[in-house]
Amino acid sequence: RCAPQRFSLATLPLRVFTGGHTYFMQRLHNAPGHDLPRLSPLTVHFTFQYSDTPDYPHGKRQRAREAALWAVDPPDYYSKGTFLRLVGPLYSQAQRVAVERRFPEWSPQRHMALDAIQRAVVRDLLALSRALGAALVMPPLTCSCDRYWGHLENCRMPTAPRAMPLPYRCTQDSLFEIKFWNDKKVDFREADFLDDARVPRAVTEAAVRVVVHPDAPLPQAGTAEETFSAVLRPGTPMSEVGAAVRRANADARLVEIGAADLRRLCKWLGSTEQNAAFNALQRYVLHESARYCPVEDHWPEVDRPGWDWMNPFTAYNCTWGFTPPTDFPEPADGAPPCAGRAAAGVPMAGGGAFADRHNSTSCARAMLCDYHVREGGELSIELERASRCNLEGYGGVNYTRHGAAIKAALAAMPDGRCPYPDGVTPNWKEVVFDP
């Protein structure tokens with residue numbers, strides 16, 4: 001037996017001994033005073049992250065790569081092949097202002113609306129990278145709501161500082177399931193990949209900027225601009241971008257394009273079969289099942305003694321995401337749905353005539369959500385059938401006790417379904433309670 005001993009317990013300073021949230025979400029290592037040695041991080045504990053499995057820590061590795069803390073990738077990871085990256089922001093300031101004016105800060109719908117814009121850009125980057133045979137360098141992603149498995153307060157994890165800025169630069173595993181990408185062998189790199197000193201200058205110095213605009217002047221023959229830029233017109237198929245890049249520089253190692261230019265390309269990879277194969281891929285790797293449960297949207301008595309999670313009138317009101325972006329066209333006649341076909345009544349897939357989702361929500365206000373995408377790209381259910389509120393079911397409703405009240409409440413609603421939530425009014429103020 002050991003003799004009793006006295007010892008002391010003490011807390012460690014968060015800025016020096018960082019965790020998954022303080023380092024990757026709050027980014028305390030970049031806060032004022034970060035240049036002082038006494039405030040430099042000594043450790044990073046990879047907590048509050050996603051995408052790990054019993055077989056491999058996909059999420060942890062990706063976060064380590066994003067933070068330049070992963071030191072075991074081979075030299076080929078940094079030097080082999082061609083790379084595609086986005087230049088400029090994923091969405092405009094005007095788009096952000098419009099979304100933030102529509103939804104309050106506590107609402108996950110703000111997060112879903114801004115995410116839909118950037119998720120569509122990632123889809124197009126992924127498609128173009130495959131057309132080019134290039135590795136996709138992920139763009140810096142932003143989140144307007146903290147990803148956390150518990151309740152959120154003003155779209156932040158309860159222990160996060162109330163002054164934590166939203167939106168914030170977030171990790172890829174906050175929005176995407178990294179394991180899906182790895183299982184499908186998607187060739188991609190972390191957002192700050194090109195800033196890594198291990199990337200050879202031969203890559204970054206052999207760049208070609210792709211410009212897609214109706215009025216952009218073509219570079220003059222024999223000039224440096226001709227070597228470093230490829231000017232295309234709206235409606236140019238993605239399948240033809242590679243040839244344009246090679247005409248500019250046959251030895252190009254880095255292709256750069258802005259979000260607006262990317263959007264003006266025709267969403268065509270060379271055939272209906274190639275578009276269909278890409279659609280199956282993007283539906284799988286660009287979807288995720290994550291819930292956001294704001295306390296502002298819950299019944300005030302939730303989680304208290306006597307609360308019944310099987311009562312849909314008082315269950316958690318969680319917003320679920322993320323749905324994949326709109327599919328590329330799959331024309332039955334096999335003809336490219338690009339510039340020139342609009343006059344014949346064929347919807348274009350480029351030049352601004354392609355409709356994307358206005359948000360990434362799968363189940364709008366539900367405790368649980370049964371919408372997901374299988375590995376082959378098949379949907380578990382059509383998005384239109386996904387639950388819009390707990391009254392439509394969530395896999396745990398006690399219909400024996402609450403079935404009659406549910407039926408009566410739904411019968412009083414338009415088309416017998418919950419109206420799509422406005423994302424502004426707390427749901428518990430809209431329903432008729434049947435505790």
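## Strand pairing and nonpolar cores

Phe-83 stands opposite Leu-254 in β11. This is a predicted model, in which local features need pLDDT of at least 70 and side-chain atom pairs count only at pLDDT 80 or more, while totals for chains, interfaces and linings use all residues. Residues are numbered from 1 along each chain as its sequence is written, and side-chain values use heavy atoms, with hydrogens and water left out.

Strands (E, at least two residues) and helices (H or I, at least four) are DSSP runs numbered from the N terminus, and two strands pair if DSSP finds at least two bridges between them.

| Strand pair | Bridges | Sense |
|---|---|---|
| β3 (residues 83–87) and β4 (residues 135–137) | three | parallel |
| β3 and β11 (residues 254–258) | five | parallel |
| β6 and β12 (residues 290–294) | two | parallel |

Within these pairs, Leu-84 has Leu-136 of β4 as its bridge partner, and Leu-152 has Pro-294 of β12.

A nonpolar core is a set of buried Ala, Val, Leu, Ile, Met, Phe, Trp, Tyr and Cys residues joined through side-chain atoms within 4.5 Å, where buried means under 20% relative accessible area (1.4 Å probe, protein chains only). In the largest such core, of 91 residues, Leu-128, Trp-181, Leu-265 and Val-285 touch the most other members. Helix α5 (residues 108–132) gives the most to this core, with ten residues. A second, separate core has eleven residues, among them Ala-135, Val-137, Phe-193 and Val-203.

Notes:
Buried < 20%, exposed > 50% of the residue type's maximum accessible area, 1.4 Å probe, protein only.
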